Amino acid sequence: MLRDADFARFEVAPLTGVLGAEIRGGDLAGDDDPATVADVRRALDRHLVLAIRDQRLDPQSLHRLARRFGPFSGNPVHTPLPGLDDIVAFVREPGDGDAVVGDHWHMDLAWMEKPPAIVMLYGETIPPVGGDTCFASLVQACHALSPGMRRLLRGLTGVHSARGVYAVNARAGRLGLSADRDRLDVVEARHPVICEQPGTGRSYLLVNPVISRFDALPEAESRPILDHLLATALRPEFTCRVRWAQGTLLLWNNPLVLHTAIDDYRGYRRVTYRTTVEGWTQIAAAA
């Protein structure tokens, strides 16, 4: 298996040629060295998605670990665990017939003024098979655009709307919601369509299904462009698929990827814990 030779504290093995990596050999909860967090951040910047295997975490230790990466982004949708305002539990029991949260391509909380920079999802109880998470690289999607399309998109602003987010999450019967539908449905944020990641200078295409339109165009004219951009982002060669295992900590660079949960594990119990790290105000890429 190919190893990324730039990392010595743990093994980093790419999942595909363009996106994702698996990390083995580290104990993040028991390692207080700031250099370890720095190396994980460096690996995340390079690979965008990290499946860190064989971790031993609970909600409290996940909270402590996450805050070493940065402040909590906030979560206006879900009810957190008691005493831990930054941790949400996703629980599915064997007999549940409710829809799986996130079973569509999306970006977490893209309609916030600062979408989370990092999403962390820890697998406490994982089915023996199924429940994979798939990702698509918005960096690769940006590179794949024609020069003419890039010229069209530069200077455009996408209107990201929370309308319908409450209803989608309400489909999952065991997931507590902290926002009311009417308040959430009117939330919007405006982000550049082609953005630049702070620190790396890397360009990415900030596109996802909650964009209702572009500021400069009506919805009818925006929709064909949005459909084309999403189709570009979801090309198979720009994706990876992470297979879960007990004790996996999954991290992803939220504004730079789309993701979706696979609903193929009915009849099994699954418990995961999620938290997020505060992001940045999206920056338009230089011409």
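Trainee: Does Cys-134 count as buried or exposed, and at what relative accessibility?

Mentor: Please note that this is a predicted model. Buried means under 20% relative accessible area, so Cys-134, at 10% relative accessibility, counts as buried.

Trainee: How many disulfides does a search of the whole structure find?

Mentor: A disulfide is a covalent bond between the sulfur atoms of two cysteines. The search of the whole structure finds zero disulfides. The closest cysteine sulfur to that of Cys-134 belongs to Cys-240, and at 7.8 Å it is too far for a bond. Cys-240 itself counts as buried, because its relative accessibility is 4%.

Trainee: Which residues of helix 1 are buried, and where do they lie around the axis?

Mentor: The buried residues are Thr-36, Val-37, Asp-39, Val-40, Ala-43, Leu-44 and His-47.

Trainee: What is found at the ends of helix 1?

Mentor: Asp-33 caps the N-terminal end, with a side-chain oxygen 2.9 Å from the backbone nitrogen of Ala-35. Just after the helix, Leu-48 adopts a positive phi of about 70°.

Trainee: In which sense do strand 4 and strand 15 pair?

Mentor: Strand 4 (residues 88-92) and strand 15 (residues 270-277) pair in the antiparallel sense over five bridges. Within this pairing, Phe-90 stands opposite Thr-272.

Key
Residues numbered from 1 in each chain as written. Predicted model: local features only at pLDDT ≥ 70, side-chain atom pairs only at ≥ 80, totals over all residues. Heavy atoms only, no water. Pairing = 2+ DSSP bridges. Helix = DSSP H or I, 4+ residues; strand = E, 2+ residues; numbered from the N terminus. Buried < 20%, exposed > 50% of the residue type's maximum accessible area, 1.4 Å probe, protein only. Polar contact = N/O pair within 3.5 Å; in protein donor to acceptor, adjacent residues only side chain to side chain. Disulfide = S-S within 2.5 Å.
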